[in-house]
4 protein chains.
Amino acid sequence: MHQTITDLSKLQRRLDEVRNRTELICQPLEPEDTVVQPIIDVSPPKWHMAHTTWFFEEFVLKPYLSDYKVFHPNYSYLFNSYYNSVGNRVQRNARSTLTRPPLREVYSYRQHVNEHLQKLLATADETKLDQLLQVIELGLQHEQQHQELLLTDIKYILSTNPLLPAYSASDPPQTIATHVPATYVDVPGGIYKIGYQGNRFCFDNELGVHEVLLQDFQVMNRLVTNAEYLEFMEAGGYTDFRHWLDEGFTLATTENWKSPLYWITKDNKWQRFTLYGLQDINPEEPVTHISFYEANAYANWAGKRLLTEFEWEAAALVYPATANYSSDLIRLGPRAAEPEQHGLQQLYTDAWQWTYSAHHPYPGYAKAEGALGEYNGKFMINQMVLRGGSCATPPGHTRISYRNFFPADKRWQFTGIRLAQK
Amino acid sequence: MHQTITDLSKLQRRLDEVRNRTELICQPLEPEDTVVQPIIDVSPPKWHMAHTTWFFEEFVLKPYLSDYKVFHPNYSYLFNSYYNSVGNRVQRNARSTLTRPPLREVYSYRQHVNEHLQKLLATADETKLDQLLQVIELGLQHEQQHQELLLTDIKYILSTNPLLPAYSASDPPQTIATHVPATYVDVPGGIYKIGYQGNRFCFDNELGVHEVLLQDFQVMNRLVTNAEYLEFMEAGGYTDFRHWLDEGFTLATTENWKSPLYWITKDNKWQRFTLYGLQDINPEEPVTHISFYEANAYANWAGKRLLTEFEWEAAALVYPATANYSSDLIRLGPRAAEPEQHGLQQLYTDAWQWTYSAHHPYPGYAKAEGALGEYNGKFMINQMVLRGGSCATPPGHTRISYRNFFPADKRWQFTGIRLAQK
Amino acid sequence: MHQTITDLSKLQRRLDEVRNRTELICQPLEPEDTVVQPIIDVSPPKWHMAHTTWFFEEFVLKPYLSDYKVFHPNYSYLFNSYYNSVGNRVQRNARSTLTRPPLREVYSYRQHVNEHLQKLLATADETKLDQLLQVIELGLQHEQQHQELLLTDIKYILSTNPLLPAYSASDPPQTIATHVPATYVDVPGGIYKIGYQGNRFCFDNELGVHEVLLQDFQVMNRLVTNAEYLEFMEAGGYTDFRHWLDEGFTLATTENWKSPLYWITKDNKWQRFTLYGLQDINPEEPVTHISFYEANAYANWAGKRLLTEFEWEAAALVYPATANYSSDLIRLGPRAAEPEQHGLQQLYTDAWQWTYSAHHPYPGYAKAEGALGEYNGKFMINQMVLRGGSCATPPGHTRISYRNFFPADKRWQFTGIRLAQK
Amino acid sequence: MHQTITDLSKLQRRLDEVRNRTELICQPLEPEDTVVQPIIDVSPPKWHMAHTTWFFEEFVLKPYLSDYKVFHPNYSYLFNSYYNSVGNRVQRNARSTLTRPPLREVYSYRQHVNEHLQKLLATADETKLDQLLQVIELGLQHEQQHQELLLTDIKYILSTNPLLPAYSASDPPQTIATHVPATYVDVPGGIYKIGYQGNRFCFDNELGVHEVLLQDFQVMNRLVTNAEYLEFMEAGGYTDFRHWLDEGFTLATTENWKSPLYWITKDNKWQRFTLYGLQDINPEEPVTHISFYEANAYANWAGKRLLTEFEWEAAALVYPATANYSSDLIRLGPRAAEPEQHGLQQLYTDAWQWTYSAHHPYPGYAKAEGALGEYNGKFMINQMVLRGGSCATPPGHTRISYRNFFPADKRWQFTGIRLAQK
């Protein structure tokens, strides 16, 4: 990660904004909601709030603020996620044991660290400033990643409750269900430069900028919709092995998947659990909460294919995103495509797009020194790259070179489908 | 269960007392403590509070209070424990999904049901009164059983937290460590009448009163102490298969048991987690939190044996309990034996005593009609009977004929050892 | 185990007969059949053949035959079953790793040990003879127990093969389907002496002879038939929780039990896999291959109950077995009851009878010294006693005081139901 | 797969040779060895022999030989591996249930199919000949793949036996332990054409020939040796998380990996189980039986990296293989590198080389129609590509474009390491 930041007061403001947004996300929760861990993938919201704070304490305050005293001697053990370099920690599957510290104490922890971060910024030594700003920026980007996880984890937690409580007290926005036809736009073959080439922040897995040779291909203008996915379901897509990768079909059969995650039939009609509670399916919204296996099976059924991550990046270079932006600080679901648009819609703002590329190192990739080297590099196996961004991604957090990644079976993120054809 | 209660106002007072004691037990908890379920045996405290309330709603208010409207239409689904007769329910291992209703709502539920119970008592139809009083008494006894579980479940929950938080803000009572020698008192052989023979409340598994022929035997005056159990540990008791039942030894080896539950070594010294937090071992207190396997291995190592439940009942008949009573409404740990006592100590007030008897029906046992017939009868396999009572048992809840039961591997209850010899 | 045997040549003949019978049982098998272990309960036939031989080598030849050299230095490691005292061994669930030694080598091992046993008997020192004869007798009884397991394990192994191959090349005996009505005969209450009181061989768990006080009861003249059990099935017995112990009902539901083990529906008709291959259900034969849970659920459904093991022994004392004997050396299935008989039929020769008694020690039970003390004592938990004997039990191996035992969920033995009523 | 074969008698000879080689591999086995399945990855040898025969019956004889009657109506159920298109089948983890048909019957099955294949070739219709020859060739290639699995599965099966029996009765070949220094040879960057470009047989996953742009890199002249790998082990490589991918480190820790598969310490010295039985480690032989995780950790520790599959193919194009060929029909282990060689050694003949490439489709990849389309395409997720070949690969079965693939955790194949550096 490399960057140049010159405006200190801008950073202070940004620090406030990002840290506050985390608390804004957690504001509708009961204390009881913040402590459970229904599956290993999902972390308790309280843990997210504390862990992102620990990240600043561990990597910013301890090394850079002289005489800093940690808020609590055991919190590093409690809230370290996976940094072996930092030491022992609560095992990932045991995060629900942390009923203490209670939520209100985690808020105190957040405030304590916030104050010391501001103090540090106010007094920081010029000579280390550049390095310090980079680590703070990493801390902010890290917290933004956890903001996305917070929304998806909260959704999962509430979905397991038989009462199906809504996260939001408001009604969902009324989207106008204009049908936008699927079209395919041309991306010319040739040599493309892949990876982050700017001079602001990026994650280490975007580096190792390198050239890739691509053939001509065509890419879908928008994401696959619920209505289109429902056709696949109704055509028996979940039970026809020919569309599926073998381990995906075995999983779907074993787990009795019949639909995306969160879809349920009620009175013979499909509904789905959302952050607004149980809602009817909006046919024109992009399908979300599907695994790579389902995305790939859908593509095969449709006679198309998924893109590679290199094709995705090339397409996004050729057709910068149009439409679908929103000014909301927190968005709780994807939006339908807009009519009368050219090029590519829904690139960054609705659902992550599964690519048929493994999360492997780019040529020349080198992980960072020390604990921060454990950020992405050690997860470069058995994970598929997702490109773009979703409704849950914080505004400003996306980039054309951004490489999100999850195992092929995961469904609790806002994941969707963009198709390609040759 | 059969009884005759004539004093209605006494029951109203008792209802208040029992229901209040549950809330008193939960008073030191954070809301976050009340929702987790670290192992399937342990239920969230919030669930206990709601389930005991549902029991009254389901079995008392719905059948006996005309026009009663349930507090919430889904609570029967949420808070039914295992009554198939009543309908579907949240699976036992999914109780931590119930982050909603929040704790404060469960308190409202309790109050709602309390008020209607009092209203019912004030207006109850004479003709059904006897039957009604019996079901209420069962509800109270049931709630008392959950009070014991609450204390042991809270202990387990807090023990999984790396901070090892104390339940009680106070210091543990200072027990005087007088050593009381183990002696064995004679119980003469003959025909004993076993089972509940009074005219107050008892559980159905105490019925089927019948005669049992016993041989002469001798029984230990007090419970086995921590100091005595430590000798077994230090003699290699946990690694010498000769003392163990085969499946116990396999379990102890697989789970790497080296001591009772909650014991840990710190600075080369044994300590144990208690409701007062981490404490030194008191050598004269009875050992607790051991499985039947450990109790039996200890007995074999000591050249003694466990009692059968019939021997236990006969011994308690011959030697009514002495000493060790306490006036505290809530007791958080067992107490050491008192010197200079005759007969049997620590029968009901410190640790349940594993017997070498399976929880099987007494001759002529018949389960109750309807849902309440699911209370004990369906658990009459692969469980061992424990007799007496423990520090966590509510005052007044024990009886000489009381049959507690748990699988042989369970350790999270206050379970201990009383030895016999022929 | 205690006995007095005076006739040495009779023992030599008996040794031949018992050892030969094991090989007779294995004669129809392919070498490939003798090595697999489809579930942990079932051992490879080759292993049984070697293990019973090892038992004689370890407990007879090594201690009693001077200069005896073991057949192979590793066989004790390979073929020790569960004797911790003897040392390390192949884990129970890994017996199918023993593709070597091949079957023909195991036959050589058997012959080697047989020859040395005869040599030992021919030359045995008078002073140790009594002790030696007792260990040999234990070895023979042990081998007979494995003969029963061989038949049931072979049945299980063949049943997992999709071709459903028959063990026997012959047709099943044509049983005449005379219906024998169920009647109940009286057993008077009183004090009964329980346990082995003779002066021949018995297992240690039959000792601790003691008196038991019983009430009057009545016992069924024969075993429950397939036709009767089918009524239970057709009445929805497997899905009505009210008849079941809770863990049995959970198991039956999880495992989707709809019938006894080995029953399958073909062309809408029930058939069952037998050692003669797939056969129609004979309605008058006793039902077999049911768990304790099913036996108990059936009894509840029928408004009866199972016997305790003490009641069983008392009943068998009062009504010695009639009919149902067979002169066949190896019997492959149970036989229907015979008409016009008085008293109790099918006590020892058709199906083991689940009792509602746990396999616990009798008063004063003491296990043997050394390794042989691991024979029964360490299995005295979470197992239910079965009384009588089955078609697979070797002739002459049964006794009125014999205590067989299995966990409540096991179904691969020839286990059946005899009912009681008070 | 596409090819042109003109010489029919050559194919008949080849058919004989390939089919015979399978039986030659199984010749040293006992019938008992051929039926077990110690882990799900390993299939019983008898199953391999029958399955490869079924493949010809299903895909050649049934469609092409008129009036062909299958050898046994159930064998398709028994010996289909994973072709959903063909119908139901024995589950993969249940192959050890197939104790029947016995081995001798499987030999009859092989002969029956062989005879009919020759008959078919002798009488085949000209018009379908080209298509027929292609399917037969696929059957032969398929059988060759199973020959490699036979050797590795037999090795695994024998390794689980406590006697550690040798597969081969001979002594291992005496390899001269000349140390060959590791050097790195240059491969120039540029555009390479990847995939099978010939006109003989290839698998479908080699197609979709396409151009790939590579940077300059350097590749190791030989494979990593046991001696070099031992340095990694002795440097604590297995316990230093910094070298490892996260899930690899978790696996190695959980499974307590300390060395490659089959290595054991005896008398404080490393030995390893081979097809010749337990042998000393030959320091100059290539290390084998390691997972992708270990290969990658080793590379990181050594300050190098693995190649991508495209780099491997480019390197093999630039430096065709030298040395290390053998004329043996069956080879049981890898050989040490030869001194004084230029370019790349041990490409195809000693150990498969893990690449840091996922087994994904090439651009334009299309699976075959019908059942044969299930050959490779459905396994294109969560598997890593291995390039080259191993000692167990049948002579003539390798190609520069060959893409072998296994999940990253598998170790029972002859898998090794070739390093790259930029």
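**Notebook: chain copies and a helix pair**

I began with the surface shared by two copies: 100% of the interface residues of chain B are also interface residues in chain C, so these copies meet through the same surface. I note that the model I am reading is a predicted one.

I next looked up how chains B and C are placed. Chain B can be laid on chain C by a turn of 180° and a shift of 0.0 Å along the axis, with an RMSD of 0.0 Å. The two copies are therefore related as by a two-fold rotation axis.

I then turned to chains A and B. Chain A is superposed on chain B by a rotation of 180° with 0.0 Å of shift along its axis, and the RMSD is 0.0 Å.

My last entry concerns two helices of chain D. Helix α2 of chain D covers residues 45-64 and helix α4 of chain D covers residues 103-123; they pack at an angle of about 30°, their axes 10 Å apart. That angle makes α2(D) roughly parallel to α4(D). I noted the crossing of α2(D) and α4(D) as left-handed.

I listed residues on both sides of this contact. On α2(D) they include D:M49, D:W54, D:F56 and D:Y64, and on α4(D) they include D:L103, D:Y107, D:R110 and D:H116. The residues of the contact of α2(D) with α4(D) divide into 14 nonpolar, three polar and three charged.

Key
Residues numbered from 1 in each chain as written. Chains lettered and ligands numbered in written order. Predicted model: local features only at pLDDT ≥ 70, side-chain atom pairs only at ≥ 80, totals over all residues. Heavy atoms only, no water. Least-squares fit on C-alpha atoms with pLDDT ≥ 70 in both. Contact = heavy atoms within 4.5 Å. Axes fitted to C-alpha atoms, helices over the stretch in contact; angles between N-to-C directions. Helix = DSSP H or I, 4+ residues; strand = E, 2+ residues; numbered from the N terminus. Parallel < 35°, antiparallel > 145°, perpendicular 65-115°, else oblique. Left-handed = near helix turned anticlockwise from the far one by under 90°. Nonpolar A, V, L, I, M, F, W, Y, C, P; charged D, E, K, R; others polar.
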